[in-house]
Amino acid sequence: GEIAFPYLIRTLADMRRDDLFYRFMNRTTPPGYGHQLNIDATSLTEAWDGRLGVSHNHCMLGHIVEWFYAHLVGIRNAPGSLGFKRIIIDPRPVGDIAWAEAEYNSIRGPITVRWDRPEAENAPNRMTLRMTIPPNTTADVFLPAARRILHDGKPVEDAKRTADGRVAVSVESGDHVFAVEPPPE
């Protein structure tokens with residue numbers, strides 16, 4: 001299980017099935033991170049069931065951290081880019097998570113991202129995305145399909161649609177705020 005686990009996470013993320021990983025992550029029975037929380041683990045255990053006789057301070061199941069940064073918050077190096085010269089910001093809100101934030105200290109400077117979803121269950125595509133992109137870099141920002149997107153309070157006019165219906169916008173370095181309003185039901 002553990003050897004294939006990072007590949008499972010990456011495959012689910014590549015298929016944009018973060019919903020399945022989220023369900024697994026929250027399981028309160030083994031295997032699941034929710035179970036480790038239920039047994040009061042304060043660090044990752046070596047085995048999913050957290051039994052006695054195995055390490056209770058182990059990085060073996062720590063691949064979830066990659067998912068937090070690269071997919072939940074969405075900070076990634078663009079394909080072919082060296083050292084985050086071109087950045088991908090592709091947040092993937094999932095389940096009942098109302099907000100997430102992270103900072104990645106790249107070689108070009110810190111990349112910070114925070115998204116908030118008010119009423120996550122009732123308006124799954126409504127989102128506010130705040131980010132700081134370091135100097136001399138560019139970011140490709142991917143947002144859910146929307147009725148309207150505001151960038152720093154102004155309507156986005158030059159957005160491109162991706163094959164899967166998301167919206168893609170490129171931004172230069174600096175602080176940015178996007179407000180996403182979902183399409184009508």
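**Briefing: loops, helices, core and pocket**

Pro31 sits in the loop that runs between α2 and α3. The model described here is predicted.

**Backbone features**

- Asp40 belongs to the loop between α3 and α4. Its phi is near 60 degrees, which is a positive value in a residue other than glycine. Asp40 counts as exposed because its relative accessibility is 63%, and the cut-off for exposed is over 50%.
- Asn136 is part of strand β5. Asn136 is not a glycine, yet it has a positive phi of about 60 degrees. With a relative accessibility of 60%, Asn136 also counts as exposed.

**Helix α2**

- Asp18, Phe21, Tyr22, Phe24 and Met25 are the buried residues of α2. Viewed down the helix axis, these buried residues fall within an arc of 160 degrees, so they line one face of α2.
- The helices α1, α3 and α4 are what the buried residues of α2 pack against.

**Helix α4**

- In α4, the buried residues are Ile64, Trp67, Ala70, His71, Leu72 and Val73.
- The elements covering the buried residues of α4 include the helices α1, α2 and α3. Strands are also part of this cover, among them β1 (75-77), β3 and β4.

**Largest nonpolar core**

- The largest nonpolar core has 40 residues, and Phe21, Ile89, Leu129, Val141 and Phe178 touch the most other members.
- Helices that each supply at least two residues of this core are α1 (5-14), α2 (18-25) and α4. Strands that do so are β2 (86-89), β3 (99-106), β4 (109-116), β5 (127-143) and β9 (167-181).
- Strand β5 gives the largest share of this core, 7 residues.
- Leaving out residues up to four places away in sequence, Val141 touches Ile89, Leu129, Met131, Val167, Ala168, Val169, Val171 and Phe178.
- In soluble globular proteins, nonpolar side chains tend to be buried together.

**Second largest pocket**

- The volume of the second largest pocket is about 250 Å³.
- Its lining consists of Met25, Asn26, Tyr33, Gly34, Gln36, Leu37, Ala41, Ser43, Leu44, Ile64 and Phe68. The elements that give two or more residues to this lining are α3 (33-38) and α4 (64-73).
- Helix α3 provides the largest share of the lining, 4 residues.
- Sorted by class, the lining has 7 nonpolar and 4 polar residues, and no charged ones.
- Met25 is in the pocket lining and is also among the buried residues of α2. Likewise, Ile64 lines the pocket and is one of the buried residues of α4.

**Glu181**

- Glu181 is located in strand β9. Its relative accessibility is 17%, so Glu181 counts as buried; the cut-off for buried is under 20%.
- Apart from its neighbours within four places in sequence, Glu181 is in contact with Arg126, Ala146, Arg147 and Arg148.

Methods
Residues numbered from 1 in each chain as written. Predicted model: local features only at pLDDT ≥ 70, side-chain atom pairs only at ≥ 80, totals over all residues. Heavy atoms only, no water. 1 Å grid on protein atoms, 1.4 Å probe; cavity = no way out; pocket = protein on both sides within 12 Å on 5 of 7 lines; lining within 4 Å. Points joined across faces, edges and corners; volume = space filled by probe spheres on them. Nonpolar A, V, L, I, M, F, W, Y, C, P; charged D, E, K, R; others polar. Core = buried A, V, L, I, M, F, W, Y, C linked by side-chain atoms within 4.5 Å. Buried < 20%, exposed > 50% of the residue type's maximum accessible area, 1.4 Å probe, protein only. Contact = heavy atoms within 4.5 Å. Arc of directions from axis to C-beta.
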